[in-house]
Each structure stands twice: as structure tokens, then as C-alpha cells.
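Have the structure open beside you as we go.

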Protein chains: 2
Amino acid sequence: MPELVMTASSASAPDRLQAVLKALQPIMGERISMAPSVREEHSHGEAMNASNLPEAVVFAESTQDVATVLRHCHEWRVPVVAFGAGTSVEGHVVPPEQAISLDLSRMTDIVELNAEDLDCRVQAGITRQTLNVEIRDTGLFFPVDPGGEATIGGMCATRASGTAAVRYGTMKENVLGLTVVLATGEIIRTGGRVRKSSTGYDLTSLFVGSEGTLGIITEVQLRLHGRPDSVSAAICQFENLHDAIQTAMEIIQCGIPITRVELMDSVQMAASIQYSGLSEYQPLTTLFFEFTGSPAAVREQVETTEAIASGNNGLGFAWAESAEDRTRLWKARHDAYWAAKAIVPGARVISTDCIVPISRLGELIEGVHRDIEASGLRAPLLGHVGDGNFHTLIITDDTPEGHQLALDLDRKIVARALSLNGSCSGEHGVGMGKLEFLETEHGPGSLSVMRALKNTMDPHHILNPGKLLPPGPVYTG
Amino acid sequence: MPELVMTASSASAPDRLQAVLKALQPIMGERISMAPSVREEHSHGEAMNASNLPEAVVFAESTQDVATVLRHCHEWRVPVVAFGAGTSVEGHVVPPEQAISLDLSRMTDIVELNAEDLDCRVQAGITRQTLNVEIRDTGLFFPVDPGGEATIGGMCATRASGTAAVRYGTMKENVLGLTVVLATGEIIRTGGRVRKSSTGYDLTSLFVGSEGTLGIITEVQLRLHGRPDSVSAAICQFENLHDAIQTAMEIIQCGIPITRVELMDSVQMAASIQYSGLSEYQPLTTLFFEFTGSPAAVREQVETTEAIASGNNGLGFAWAESAEDRTRLWKARHDAYWAAKAIVPGARVISTDCIVPISRLGELIEGVHRDIEASGLRAPLLGHVGDGNFHTLIITDDTPEGHQLALDLDRKIVARALSLNGSCSGEHGVGMGKLEFLETEHGPGSLSVMRALKNTMDPHHILNPGKLLPPGPVYTG
């Protein structure tokens, strides 16, 4: 009697997964883990409630490893989710059923460093902090700073940005090229080392922000920037939210090349005063500034900014003269999440993330403050005000009812942002958390095109299925 | 006897074209032209030798017009080429056989102007010069400057840049969103007004640089910039090419926010001295500088630049103090093509366009100078040296043999650039002229993905067929 041959189209999902693992075992050996602790660690990102265990975790050590895994997963229609540092807050790394989590965190090489041209090529698993430590001697740095210790690959996949985007741009502006493994396991390179090019479709930009749904990024060519000679920081407080926003808006309109301009509302400032010991400040709306450049350039930026702030009823600049003071100030800004969490011990903090044209920001935040009040929740607010991007840190009970209250509030905030020409995510990405807003934001036509692209690149939907795109009609040309 | 029904799959190309024109006639009326002079005007771009008459030219006055034309062309499988100002130098606007040229030059509205947010939305047919005149009162301007009087839509389609890209970026960095008519006639909007977003595939970047092969761009949301308070210009001459390039490289490495830094080699400088009457200068390698910003910032940029140039054997800065002097200097730079053309009256001038990482530029240009010498041709060289991008203006007889000699030289130049991590086009695009280099530059894998995207967006290949992508294998997932 002939042995029954299993095929991808006839086998069950568990059998297909086993077929992949059987094929990978001789090649990947101990780099495949099914240990409960490892699976648990790869079952969720940060902040969001969603989680699901992968059946196995495979640790890739090269682009070739990633290609091998995808080739078999493609053959057997087994879903794969790339995993870097697990810092996503929108559920990007949560595996679907019967899936493999493909961990790239061992891929940390700097493949090339071209200091003269201000670029480098890194493997996707390196974190931005490690990169910046390793290239320190060159006088260069990679400026995109999303806060957490994220991997460069993950930052590409979510089109991350953060506090310095107002000066240096986001991952979109700072990635020159990629190595990507396609669903089939085929390896391609996109872009290159040149500063600009007019040859062919911009595949680099297509993969940046695609959240592992079109291919898995294994190497990244990055723009680097010279470390500035001079750094200066300050904060300015305002009785009135509109005055603070008007100040930020005028700074941008004047073309001041400010490095960071961050807003905390009075609730967040009160929490940060408490948590970070900033007792010399008032619980008022506050702008945090960072200026960099040559000493003369910094001086000029500062003078202009101070004049703008004072013209908008700013309550005087408080200078962080020393490096310690500066670090303390910016540490307080980066610890805002923990300060919010400390308001109600044991509570959960859920971060929203929306963005509007800066002229609409005052109207939006006022509306959000009303929504927060109506919700009965506490929700400090802070953001990258120079970009029009902010986060509300919703504090809620860690219960299903508590999550529901937070979600209801988030929906109101997003609806307001979208009605003001905004986007439902400035930098966290869609993942699972923002799926419901995409159609309102982009319209059915654009989404149908995105689905067509997804089907073209990954017809069996093995690449991070269920993320980024809600189901719906597909553009068919 | 029943009338025979013509179908798209059975009819000949001329019959299909007639079917489209018959369907469009009642809707578009006099906006369809078959006048020989109009067809001739739409048969070619600039500079390149290629031309072919469209069967008809349709003048669109709205996105809806474009949608109507595409819907019928899609139904009858009739090729469509968008036409703006016709300034392409790589044959982008040359119609294939039995095609319609769709002219968008009447679509010149500024749809919205959001001065507070530094953005605007324009119809694709407006030229950058007209836009800048119309928004002058706001104190804002659109900085991407490819030299010619191009339309914003055409600049998007070719991912144009030019002399100011070193400071302000290219179209890629300055387009926030688009309205695009897809092959079917469906209208979508991509991107939006926000400065950044992490929601969904970056369709805007996919269409920017797609040369009318994935959809036709009808509206563009643009970033604007504040007009600088202060402008200063200078030139500096060098005995040695490497010293000039080293100067440009150090300017970039130091992070000096220079607005323009342009190189002319000694051959081009000699021609420009003659043509533009710059008799106070020597026929030497020359850098042209423009500095903008606040008076203090300009002063500092200038001082640092002067120190760098002098450290690299620069023969002193020559200042253009007055606005007239500045205009004269930059007019000479912009007239470089005409200066080259005047070297040999009646000759043809063919512009090459390649780009490398700036550290490879010296090696590349030295090699190009050797290639030029070996060719026996004259070919002044100039470029956007801060980006690593330059053009050689090959002067040749306007005969098939002359064109062949120029083409042979161009191939050598491109091969050198590609061997130095370069791209075969920094800003002119692929069109028909650069098709042969794409596979070497991007590799077969990336091209197979581009073809798959093309097939998904335009399965019947009605959108500018024969441009941007050479035929070959298609990624099938």
C-alpha cells in the first residue's frame, strides 16, 4: 500500500506546521525553540492586551535563515510573524493560530559603515541604542528615537519616528535601502546607497511601514547624521493650551531647525513632577525644547524661540544649563509613561496615537480633554507637537470593563482626529489595534489597492496575517 | 442580419482606438484634438530623439475628465500617456502606437492653501513657477527646482529634484498625498495632510516616480517652506577636481544646511564663461554655492564653507553681493545646457544623469573624463555635487552616427556609476532612455516585483506601456 502523501492544500493547519518544523529541524537545529517561556515571550508586544502563543520560535542568524524559514512556510502555508524587540504597542507581533514567530534579534551586525557618506548598513535585529553606541567614534549617529529599545527592523516595519522626527524625519526619510525576504523565500535588495534616485518603483518605501505583511526586512541601509557640536534644552510653561500650541506652530512656521519640541498637558506635567521630582515646575501645560547645532546657531534658535514663547504668554524659559539638568529633563519626558502609570498603582496605561495638521491641534486637544472628562477616566496627554502628533495615556482598571472604557475613549479621539484631516497613527502603526479606522482614514479605494498589493506579494497570506489591513474588496484592475 | 458586436479582445488596435474616441466625443467635445500640430507637440519630450504621434490628444480639465478617459481606454485596451509640460528628457511622454496623449496642462488650480501648516493642494498641471508666483504673498514657496518649467504632476511622476534637493529633498520628501486615477478610471486619494503617518502601505511613494505606469496623478498635496530671510551666493574655483569634490563632501559631512552646491568642470566653465559672459572667472573646476537662512545663520554657513574650501586649495571665494550678481551667477548655472550647445553650433546635446555616494564621485568623474577623451567627443560636466549627482552634456552631430557615439559614451558612464554603488538616474527618470540599465541596478528579483505591481495595477498595460520597466519575469508569490 503506497504511503499517503500530505499536501499543503489537503492537510490541517497543525499538520502543515509540523511539516515545516520537520523540514526546518535538520537545518536550524537548536535555533528552533518550543520552550514555554520562549513561546510566552513571543506571544505579545507591549501595552496591548492581545496575545497568542506561537507554536514555535525560530531564531534567525542570517538573511539566508529567514529565506529558509519562509520557503518552507510558503510551501506549507504556515503563517510567520517577525519578532525583534517586542516593543510594538499595537499587537503587531502577536502570532495568529498555528504560526511561527521568527525572531531576528540575533541579527545585530553592522554590515558596513560608510562614515564619509553618512550611511551604514545594519542587520534588522540591532537596536538603535546599540547602533549608536557602536558608531560613536565616528562622530555620527542615527537620530530616529521612538523612545523604547526597538530594533531597526521593527522601526522600519512600523515606520517609527518619535521625538526627533521634527528635525530629522521618520524612518521613511532615513532608510535608503533594504534587504527583504519575500513570501516565497526569495531575497531582494531595494534602494541602495545613493541619496536619491529616479529609477523604478520605490520598493523601499513600500516595505517601510508594511508591518511584516509584504516581506521580512533583514538588512537596512540607514542615513546617519553628524553629532551636533552644541546642545541646549529648556522648558516653558503656559497657563493656556492654545498658547503652547501656537508657540510650537510659530517655531515650525519660522523654519527654526529645532531638534525636539514636546508638549505635556497639565495632567501629565503633574504626574511627571511627582514621578521625576521636577518640583521646581508647576502642573501647567509645558513645552520641552531641545536645540542643537553650532553654538551660534543654537544661540539664534533659542533667542527666536524665546521671543515666540514670550509673545504667546509663556511663563519664562527655564534653562537646563548642565548636561545633568538636560538629562534629568529629558529623562522626565521619556519616563512620562511610567509617571502616568504611577498615578494609579496597579492600573493599566493604554497609549493612543494620532496626528493632525498642526493648525488643528488646539481644537483637537480641547475636544479630547472634553472626551476624557466625559469618560470619567484619567488620561494625561503628551506629544510631538511640532509634528501635530500626540499620545493620550489612558489610565484604566486592568479588567475587560476597564479596557472597554479605554477603547471607547480612544475611538472618540481617533474620530476627532480623522475629522480634522488627521491620521489614526502618527508612529505606532496599525497592527491589530487600529484596523477598524483604516477605511475611514484612507477610503475604500485606497484600501482595495493595498489589498491587491498584499495579494500580489503574499498570495497565501502567510506574512503576519490579520495585521495592517482589514478584510474587504480588492482592486482588480 | 444582426449587427456584428465589436469587443476589446477581437478588435484591431485602430478599431479600439476609434471606439474610445467615439465614446469620448459626446463627453469631451472640443477637448479632443486631432490637429497635426497638436499631435506633433505631444509626440515627444525634450532632448531625446524618440518621438511618435499620438492618434489624438485629450485635454483634461478635471480629475473626472481623466477618470472618464481611462475608463474608456481600459474598456477598449487603448494606451494612454499623460502629458504635462513635455519637459521630460528620457522619452516618458512619447506615445506608443495607437495611443491617446492625455494632456493635463489645463489643470492648474491651487485647490487649497494651508499657510499655517505649510502645505497646499494643487492640480497636477500647474508648473512650479506658476505655483510659486501665486503663493508669493504667503511668504512660502515650493523649493524643488528641476530647472525647466515642469508641471508638479510631471515632477511627481519622475521623482524630480534639482539644485535645491541637497537642502529640501526631492519630490519624494515633499509630496504628502495624491489624487490618482487608476487604470480602471477609479479615483483614489493617497496620503493626506499630516507630516507623518504609520497607517498602511505608502501608496504616495509608490506613485511618485512611477512615470504614469501605475495610475495618473491629478492632484498633489505639497509641503511648502518659508522663504528665507537672507540669501547669499558665491563661487570658488579649484585647480584640481578632487579638491572641489572634497570641499563639497566636507560641507555635507559638517551638516552645513547649504541650499545649493553645484559643480562645473573646466570644460563647462569655459563654455559658460563664453556664453554667460563670466569673464572675471577662469576655465577651472568651479563650485557654485547658495546659502539661505537668517542673517546670522548665513554668515556662519559662509564662514565654515570658506574655511573648508580654503583648506582644500580653493582659489578664494568670489561673492555675489547684490541680487543682480546673484541672479547673473545662477542664471549662468541654469543656462549651462545652452552654453554647452553653443560650443558647436547646430550640434545636439544629450544629457546623462547618474548618481553615486559622494565619496565615490571623484573616482567616477575622473573615469568619465577618461571616457570622454577616449570617445573623441566634447562633453562638459556639471552637477548637484552635494547629492553625488551629475550630468554630462554630450555634444554630438545630430545624425544617427552621432547619437550612437553619445549613447556608447553614456553606457560607459552609467556602467562606471553602477559599479560604484550608484544609480543610472538621479532625477531624470527611466522613461525609454534608461530601460537597459534597470536590471543591473536593481537586480532581477526587485524588477520581478516591480512587474508584479505593474500587472496588479494595470493588467492590460494601458498606462504608458513600454516605459520604466524592461520586459522580463514576474514575481508570482
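Q: What makes B:Asp387 and A:Lys196 a salt bridge?
A: In this predicted model, their closest N and O atoms are 3.2 Å apart. A salt bridge needs a side-chain nitrogen of Lys or Arg within 4 Å of a carboxyl oxygen of Asp or Glu, so the pair qualifies.

Q: Why does the salt bridge of B:Lys172 and A:Asp202 join two chains?
A: The N to O distance is 3.2 Å here. B:Lys172 lies in helix H7 of chain B and A:Asp202 in the loop between strand S9 (187-191) and helix H8 (203-207) of chain A, so the pair joins two chains. Helices (H or I, at least four residues) and strands (E, at least two) are DSSP runs, numbered from the N terminus.

Q: What else is found across the interface of chain B and chain A?
A: There are 51 residue pairs in polar contact, both residues at pLDDT 80 or more. A polar contact is a pair of N or O atoms within 3.5 Å; within protein, one must be able to donate a hydrogen and the other to accept it, and residues adjacent in sequence count only if both atoms are side-chain atoms.

Q: Which element gives the largest share of the side of chain B that touches chain A?
A: H16(B) does, with 13 residues. That side divides into 31 nonpolar, 35 polar and 18 charged residues. Here Ala, Val, Leu, Ile, Met, Phe, Trp, Tyr, Cys and Pro count as nonpolar, Asp, Glu, Lys and Arg as charged, and the others, Gly among them, as polar.

Q: How are residues and chains labelled, and what was counted?
A: Residues are numbered from 1 along each chain as its sequence is written, and chains are lettered from A and ligands numbered from 1 in the order in which they are written. Local features need pLDDT of at least 70, side-chain atom pairs count only at pLDDT 80 or more, and totals for chains, interfaces and linings use all residues, while side-chain values use heavy atoms, leaving out hydrogens and water.
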